[in-house]
Amino acid sequence: MITKQVSVFLENKSGRLNEVTRIMGEAGINISAFSIADSSDFGVLRMIVPDPDKAVTILREHLFSVQITPVIIITSPNKPGSLSRLLNILSEDGIFIEYIYAFSMNENSAVIVIRPSDINRCLRALEERREELHSQNDQYII
Amino acid sequence: MIWNETIECATRDEMKGIQSARLIETVQRIYHNVPGYRNKMQKAGLVPTDIKSLDDLSKLPFTTKEDLREHYPFGMFTVPMSEIVRVHASSGTTGRPTVVGYTRKDLNTWAEVVTRTLVMAGVHRHDVVQVAYGYGLFTGGLGIHYGTENLGATVIPISGGNTQKQIQLMQDFGTTVIACTPSYALHLAEVMVDMGISPEDLQLKTGIFGAEPWSENMRKEIEGKLKLRAIDIYGLSEVIGPGVSCECECQAGMHINEDHFIPEIIDPETLQPLARGELGELVFSTVTKEGIPLLRYRTRDLTRLIYDKCDCGRTLVRMEKCRGRSDDMLIIRGVNVFPSQIESILLEMSETEPHYLLIVDREGNLDTLRLLVEVQEQFFSDEIKMLEALRKKITGNIQSTLGVSVDVRLVEPRTIERTAGKAKRVIDNRKL
């Protein structure tokens, strides 16, 4: 499914990430997943939260530069080769990935967050080749 | 030795006579050839015959850098372009430089004043002068070059940069005089150490340093490290370039070539002339230039004038080292930088007002410019490569417009301090 990811500009200084998590915690917003991309002196915090609009409003109140970015969330089987199978499809269809991050939910499933260059094309490719993905009785939830 | 004793040692009355005659002639010429300045005089209710001597100078309207920009490129020239044999330009806001033009006679005048200053500094015709100022639109390189040739000394026209080669040639060619910015002189000293060359291996005896402000401490440091006498030279392209004034071997203020460039000190707020010896803004009237003579040009440099006779025997009025600026101009490695230039570059890249802070430091011996830019949401992209591209673009635009390299840092919104609603734009950490 397509979901709204909250992206925040952060300087590479100690305490900046902590500031965001503190604000989220005080607002009662749970961070389901996050990753940080960094360069030499700044970074981008990307996070999945239950109420992205509320998170954006609160962060803006605290003067952060924030952006909502649509990303695709896929629940995949948590076993060897399942990410590869997914990526094969995207690569065969010539879909470029700007960034991706993933984490295990439990023994059976993992969550993959993908930001493709073309989100609709990516989604279409996954829909069209659903059969291939679901072979071997593995369940992907897109 | 004094190059032009008649002028350089003239009595105050003799000098005033020369200045008055030349001023009267220049006012006539400008009034009849420069519509912009004629309008200013008319608005002030002045006709050329109102200027009867030097005492009437303060009646005349000022000329500013903005006038030159407004009449870009050649609108302030008093002669047809066929008479102009060279142009020079200094960097300016959003790519509009300040342009000056020289006739054949102007180039001769320029060479004459530079020769005087070199002789003041103790340079002789048997010296070997390495000109490490930039050659090109900047007046530094070519200005010193022709003055040196006029003196009859040997020029090494190496221009700026390429430090190891500079040092190599100093050694091989027996350079006795180095002309460059004072910060570059310190850089040369550092690289010499790296190359295992000591000042004793060289013949250097004099340095002609200018194009940026420097302190007495820096002079001591340069003189200690390069084992030479460090002489301060002053000039600006609008007046002629280097050679407007220069220290003599007494190193006690810069003698102004005042038979060509009449100095005044004004209060930058009230614009009224200040009494002799008071600190204020330096203003020049050029009274022999043909290409672009300027009356009461505001340099924005703050200094004071010394009218006492110098131990060197010269009576030419001296100016102290400049104490600062009456505007916000910064001089970074000899390049003039206005914070407003940075602002317009950022404005062109975004719709809204940019928040930025310029931090100037002197690391080692070179000025460094760091620019913090707040990443407002209109700049913000979720992808690092877009942010990196933004940073590169800002860096590139600034470098191509200003000609100085800059280290651009992207910072979070509201991290740049605002005082009373107005953001602080510049922090200059250089100890000058």
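Reader: Where does P73(B) sit in chain B?

Author: Quick note before that: this is a predicted model, where local features need pLDDT of at least 70, side-chain atom pairs count only at pLDDT 80 or more, and totals for chains, interfaces and linings use all residues. Residues are numbered from 1 along each chain as its sequence is written, while chains are lettered from A and ligands numbered from 1 in the order in which they are written. P73(B) is joined to Y72(B) by a cis peptide bond, with omega about -5°. Going by DSSP runs numbered from the N terminus (helices: H or I, at least four residues; strands: E, at least two), P73(B) is in the loop between α4 (65-70) and β1 (84-90) of chain B.

Reader: Is R296(B) buried or exposed?

Author: R296(B) has a positive phi near 50° without being a glycine, and lies in the loop between β11 (280-286) and β12 (297-303) of chain B. With C-beta atoms placed from the backbone, 20 or more others within 10 Å means buried, 12 or fewer exposed, and in between partly exposed. R296(B) has 22 others within 10 Å, so it is buried.

Reader: Which element gives the largest share of the side of chain A that touches chain B?

Author: Counting a contact when C-beta atoms, placed from the backbone, lie within 7 Å, 17 residues of chain A are in contact with 15 of chain B. The elements of chain A giving two or more residues to that side are β1 (2-11), β3 (42-48) and β4 (66-77). The largest share, 4 residues, comes from β1(A).

Technical notes. Two residues are in contact if their C-beta atoms, placed from the backbone, lie within 7 Å.
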